[in-house]
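Subject: Structure for you to look at

Hello,

Here is the structure I said I would pass on. Please open it and keep it beside this email while you read.

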Amino acid sequence: MKIFLKTEDEIELMRRANQLVGKTLGELAKHIKPGVTTLQLDKIADEFIRDHGAIPTFKNFPNPFGGPFPASICTSVNDVVVHGVPDSKTVLKDGDIISIDCGTLLDGFNGDSCYTFCVGDVSPEVRQLLKITKESLYLGIEQATAGKRVGDIGDTVQTYCESHGYGVVRELTGHGIGKEMHEDPQIPNYGRRGNGALLKSGMCIAIEPMITMGNRQIWMMPDKWTIRTRDGKPAAHFEHTIAIRRGKAEILSSFDEVEQLEGVLY
């Protein structure tokens, strides 16, 4: 395992990349409504990122199981947990949820964040899933301070989500981030306190709870990207990139633009 600690100048560059991700998600929030296709959202994101001098990191991202990712964002609707591929056939409907995962490469450093949006009138049960998943992200971030361990984050997310009866996906994790989108260490959403890599000031990590309404079992679709719940129940996904500090962690990405548009619904 090779963990890269970032300088203050590098963290500032990462903040810029991550703030652009937040602005991109905010731009997409304006267009998320019934009748819109996920491919339309992808085109909006691609243009917005490039207009701001960055590269969409996900475009052509390599896949050990198949071909490179063909789009600039991941659009995961309802029972799709992560890595949904935008297309012209997937039309958003009233009552859907959609997780949009977005990455940018700006001035040599990566930004990465995800938000799960409501489409129209979403059921209270599904809104509760989103609320708890989002809360678990911030509880995990509270554990991400120098001197603690990766397992402290995972244990907190797992305990909180499972206490509400939800499933915690094991096969997919958060990650270190910097000049590469995925760096060491992995940041699972489950674990035991006091276990795992030691968190040090200057580490930058992406924490991203992937939580299912039913059981935690998933499967990969034939496109070798799309990951769905096996029981067909909805899943939620929220992600922030943060910098580890000796005190409170610094959140480098932002949900502000999204929440200003839609309000803090959950």
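How many cavities of 30 Å³ or more does this predicted model have? The count comes to one. Strands β8 and β9 each contribute at least two residues to the lining, and the largest share, three residues, belongs to β8.

Strand β8 also has a partner. Residues 183–187 form β8, which pairs with β7 (residues 174–176) in the antiparallel sense, over three bridges. A hairpin of six residues joins β7 to β8. To find the pairing on screen, look for G174, which stands opposite I187 in β8.

Next, the nonpolar cores. The largest one has 53 residues, and L25, L41, I98, I100, F117 and I207 have the most contacts inside it. Helices α1 (8–29), α2 (38–51), α3 (124–142) and α4 (150–163) each supply at least two residues of this core, and so do strands β2 (73–77), β4 (97–106), β5 (109–118) and β9 (204–207).

Which residues does L41 touch, leaving aside those up to four places away in sequence? They are L28, H31, I32, V36, I73, L92, I98 and I100.

Another core, of 13 residues, lies apart from the largest one. Its members include F69, F109, W225 and L252.

Regards

Note on methods. Residues are numbered from 1 along each chain as its sequence is written. This is a predicted model: local features need pLDDT of at least 70, side-chain atom pairs count only at pLDDT 80 or more; totals for chains, interfaces and linings use all residues. Side-chain values use heavy atoms; hydrogens and water are left out. Two strands pair if DSSP finds at least two bridges between them. Helices (H or I, at least four residues) and strands (E, at least two) are DSSP runs, numbered from the N terminus. A nonpolar core is a set of buried Ala, Val, Leu, Ile, Met, Phe, Trp, Tyr and Cys residues joined through side-chain atoms within 4.5 Å. Buried means under 20% relative accessible area, exposed over 50%, partly exposed in between (1.4 Å probe, protein chains only). Contact means heavy atoms within 4.5 Å. On a 1 Å grid over the protein atoms alone, a cavity is a set of points where a 1.4 Å probe fits but cannot get out, and a pocket is an open set with protein on both sides within 12 Å along at least five of seven lines; lining residues have an atom within 4 Å of a point. Grid points are joined across faces, edges and corners, and a volume is the space filled by probe spheres set on the points.
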